[in-house]
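User: I have a model open on my screen and would like to learn how to read it. Could you take me through a few features, one at a time?

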Amino acid sequence: MTTFMYSHPACIEHDPGEYHPERPDRLRAVMAGLEDDAFKHLERHEAPIVDLAQVKLVHDAEYVDMIMDSVPSEGRVRLDPDTVMSTKSGEATQRAAGAGIAAVDAVVAKQAQNAFCAVRPPGHHAESSQAMGFCLFNSAAAAAFHARAKHGMDRVCVLDFDVHHGNGTQHSFEAVEGMFYASSHQFPAYPGTGSRSEKGAFNNVCNVPLAPGAGSAEFRRGYKEVMIPAIRAFQPELLIISAGFDAHKNDPLAQLELETEDYRWVTDELLDLADEVCDGRVVSMLEGGYDLDALRDSVVELVKSLMEH
């Protein structure tokens, strides 16, 4: 089986404004990296517009309606100091969520072994009724709840290696039996959540906080000793990766010191784990990453891992 990639030009047209770190050039850089001849067999698909009823599995209906009603006809609308919508933001966030859901369907149907969703805006900070941290709809969480609703999966895991804790995903999972959220992230850092003591109502949250300045050794140890054993014990039927690349040493928004090669390593480890526990079913969603070269090169390593596994 092959690797599917989902993207759409609307995800580039979401424009929070000049000097905003979550800028269109992020996705342009990712797509440029995937134009290399090494990716000629990557099967590319258009990210569909999500059915908003699927988004309402993870977000309050009033919140979803508010987001769609807030899309400006011109200019920009600021939802909080960091989170901005432009005229294409509504379509972009619908296609980002639609990509994750389509990827789940393809992987479950064995049309693809795994998938990467090259989409923006990111999603993992969006809570059930709160946009924050550049995020509007929580695409990874929506994909996970879709796997339960459509495919009857009792146990779904989201693994998040973005440098910032995915408070939105944890918020949506922590009181739901059968949903497992695991995150490695800088701590302390935005948004202030993600301590080791946060375990979830069903022992279904696993946080590996990393101190500012931590690098490859601490990151890899956290996965080998804590994260991978915890996911193995949970035995998910599907693994969704919130793939943020802002723990890279060159990223301007945080202070971890990962190397590009760490993203190949962690993806290889997670794919081995998925082979063991869930028949290799893996969907990965682009989250953060704000140094364009580091983002491009790190995504290249992740997708090579997906394709070569």
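This is a predicted model: local features need pLDDT of at least 70, side-chain atom pairs count only at pLDDT 80 or more; totals for chains, interfaces and linings use all residues.

**Reading a residue, a helix pair and some rings**

User: Now for helices. How should I read a packed pair?

Analyst: Two packed helices are described by the angle between their axes and by the distance between those axes. Here, helix 8 (residues 216–234) packs with helix 9 (residues 260–277) at about 15 degrees, and their axes are 11 Å apart. Because angles under 35 degrees count as roughly parallel, that is what helix 8 is to helix 9. The crossing of helix 8 with helix 9 is right-handed.

User: Which residues of helix 8 and helix 9 meet?

Analyst: From helix 8 they include Phe-219, Tyr-223, Ile-228 and Ile-231, and from helix 9 they include Trp-265, Val-266 and Leu-273. By class, the contact of helix 8 with helix 9 has 8 nonpolar, 1 polar and 7 charged residues.

User: How do I read aromatic rings that pair up?

Analyst: A pair of aromatic rings is described by the distance of the centres and the angle of the planes. The count for this model comes to 10 aromatic pairs. One of them joins Phe-161 and Phe-245, which are edge-to-face, 5.8 Å centre to centre with 70 degrees between the planes.

User: Why does the pair of Phe-161 and Phe-245 tie together parts that are 84 residues apart in sequence?

Analyst: Because Phe-161 lies in the loop between strand 6 (156–160) and helix 7 (167–173), while Phe-245 lies in the loop between strand 9 (238–243) and helix 9. Phe-161 is buried at 1% relative accessibility, and Phe-245 is buried at 1% as well. Together with Tyr-263, Phe-161 and Phe-245 form one aromatic cluster.

User: What about the rings of Phe-219 and Tyr-223?

Analyst: Their centres are 4.8 Å apart and their planes are at 50 degrees, so this pair is tilted. Both residues lie in helix 8, 4 residues apart, about one turn of the helix. Phe-219 is buried at 2% relative accessible area, and Tyr-223 is buried at 1%.

Methods: Residues are numbered from 1 along each chain as its sequence is written. Side-chain values use heavy atoms; hydrogens and water are left out. Axes are lines fitted to C-alpha atoms, for helices over the stretch in contact, and angles run from 0 to 180 degrees between N-to-C directions. Helices (H or I, at least four residues) and strands (E, at least two) are DSSP runs, numbered from the N terminus. Angles under 35 degrees count as roughly parallel, over 145 as roughly antiparallel, 65 to 115 as roughly perpendicular and the rest as oblique. A crossing is left-handed if the near helix is turned anticlockwise from the far one by less than a right angle, and right-handed if clockwise. Contact means heavy atoms within 4.5 Å. Ala, Val, Leu, Ile, Met, Phe, Trp, Tyr, Cys and Pro count as nonpolar, Asp, Glu, Lys and Arg as charged, and the others, Gly among them, as polar. Rings of Phe, Tyr and Trp (its six-membered ring) pair if their centres lie within 6.5 Å; planes under 30 degrees apart count as stacked, over 60 as edge-to-face and the rest as tilted. Buried means under 20% relative accessible area, exposed over 50%, partly exposed in between (1.4 Å probe, protein chains only).
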